[in-house]
Amino acid sequence: MNPSGGFDDVTSLTPLHMIDILRKKRDGAALNTREIEFVVAGAASGGLPLEQLAAWLMAAWIRGLTLDETRALTLAMRDSGEKFSPARLGKTAVDKHSSGGVGDKTSFLVAPLAAACGVVVPMISGRALGHTGGTLDKLESIPGYRTALSLPEFEEVLGKCGCSIVGQTPTLVPADRALYALRDRTGTVENPGLICASILSKKLAAGLDALVLDVKTGSGAFLREEKDSAFLAALMVATAEAAGTRTAALLTDMGQPLGCAAGNWIELVEAVELLRGARPAEGPESIADLRQLSLILAGWMIHLGGQADTPESGCERAETALMNGSALRIFLAMVQAQGGDASVFDEPERFHKPGATETVEAWESGFIAEMDTTALGWAVQRTGAGRERSGEVVDPHAGILFHARRGAHVERGQPLGTLYATSAALLEEPKEILRQAIHFSKTPPHAVPLVSRIFTRENAQEYLGNAVR
Ligand code: URA
């Protein structure tokens, strides 16, 4: 009998009971691999009741997961369903995944950019999570676009286009599909072990040769503090490398939304505008950040995929693919191959039909000193772009278009953000959040680097060894 009154796992023949596992985690003990595999199998099959899974997530969130528990959880989730093998495609398989942000639409850029430069990108993504938007929800705003493909269909799109963006299904990483939706509804997102297992289970199930992680830091990140986001980055690099995938993680700024658009359809429009070759000088400064980050991430993908000697030369190749239109062609071909109506991008403004629109103006003059980007993310979700309950349909047209960047000087009355909501009633809360989340100052704030740190196999393990948690 252990101190919590449950039975220890004496032999592998001892039956496991979820209630014992729950009490053990609740009391702060580390679970062994068999216990973690039990939880994951129950999540994947639907065999464990949701209340027990939710309780387990909360216990794991509060108590934390050890490095061994994180590794066991990642591998068990990876193995919870079918796995994809890109070997038959005859190209190096590389992907990028973000730890979650507001207005983060780089996937729509980096997937076709890297594919245009000779690697294949089998991308398994997620839906809106907490205050952050979901790649799948955004893609599903394209009429007809299918995010749930069978593995043969996934392979066919990859063979034809070089990239494919799909979601977890009942057979592909089903454990993440179940736990992801539950974390979104139970306030159990912001934990490094749970984030690591969620992200890497999808990426490792896709059979990748290499992976680039965009780990957000700042007010809109799940882990806002630099030391916490750096820990997550090092944890994911070490875990993915131990599982045999060459990995690099970039710590990038999420102290303000990325780009101008945050929502579903409006984010796709912004990404396609860049794929059409919009240069920073032609667009608002915010698009310059999005463009630059997408090229840097794609540069790393191309480099780790063996198509460029350095990340910098990968970045140059990506820029060529952006400017010569090849990445745009690949993106539109992918949309069509997955059943989407790519013609909606011909006149994107005609397709955009929000239920209600309102612009919030600056209530004072000054520099935009700070943006509480998590709050802004919740504002976006509550326009109708996110869901209140698992499985709810989101509004493709809802979201916020931001008109000013951190550091910009604005005059009173100048537009700060245009809100698109499902109905006029859904404008009120986001408007109020926006007013609370943006802070002005008389002097310009310090500049924040777009990429502050990079982790690879060379420094990740050492960082983890020194990190006191
Ligand atoms: N992206 C994921 O897939 N999972 C997380 O937990 C966070 C970001």
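This is a predicted model: local features need pLDDT of at least 70, side-chain atom pairs count only at pLDDT 80 or more; totals for chains, interfaces and linings use all residues.
Me: Which strands are the edge strands of the open sheet of 3 strands?
Reply: The strands of this open sheet stand in the order S10-S8-S12, and their pairing is antiparallel. An edge strand pairs on one side only, and this holds for S10 (409-410) and S12 (438-441). The edge strands are therefore S10 and S12.

Me: Which residue in S10 is the bridge partner of Gly366?
Reply: Strand S8 covers residues 366-371 and is joined to S10 by 2 bridges. The two strands run antiparallel. In S10, the partner of Gly366 is Val410.

Me: Which helix gives the most to the lining of the largest cavity?
Reply: The largest cavity has a volume of about 320 Å³, and 25 residues line it. Strands S1 (94-98) and S2 (121-125) and helices H6 (135-139), H8 (174-186) and H9 (192-205) each give two or more residues to this lining. The most, 4 residues, come from H9.

Me: How many charged residues are in the lining of the second largest cavity?
Reply: The second largest cavity, of about 80 Å³, is lined by 17 residues. Of these, 5 are nonpolar and 10 are polar. The charged residues number 2.

Me: Between which domains does the second largest cavity lie?
Reply: Among the residues nearest the centre of this cavity are Thr132 and Val380. Domain 2 covers 87-347 + 450-466, and domain 3 covers 353-441. Both give residues to the lining, so the cavity lies between domain 2 and domain 3.

Definitions and conventions:
Residues are numbered from 1 along each chain as its sequence is written. Side-chain values use heavy atoms; hydrogens and water are left out. On a 1 Å grid over the protein atoms alone, a cavity is a set of points where a 1.4 Å probe fits but cannot get out, and a pocket is an open set with protein on both sides within 12 Å along at least five of seven lines; lining residues have an atom within 4 Å of a point. Grid points are joined across faces, edges and corners, and a volume is the space filled by probe spheres set on the points. Ala, Val, Leu, Ile, Met, Phe, Trp, Tyr, Cys and Pro count as nonpolar, Asp, Glu, Lys and Arg as charged, and the others, Gly among them, as polar. Domain bounds come from an automatic or database domain assignment.
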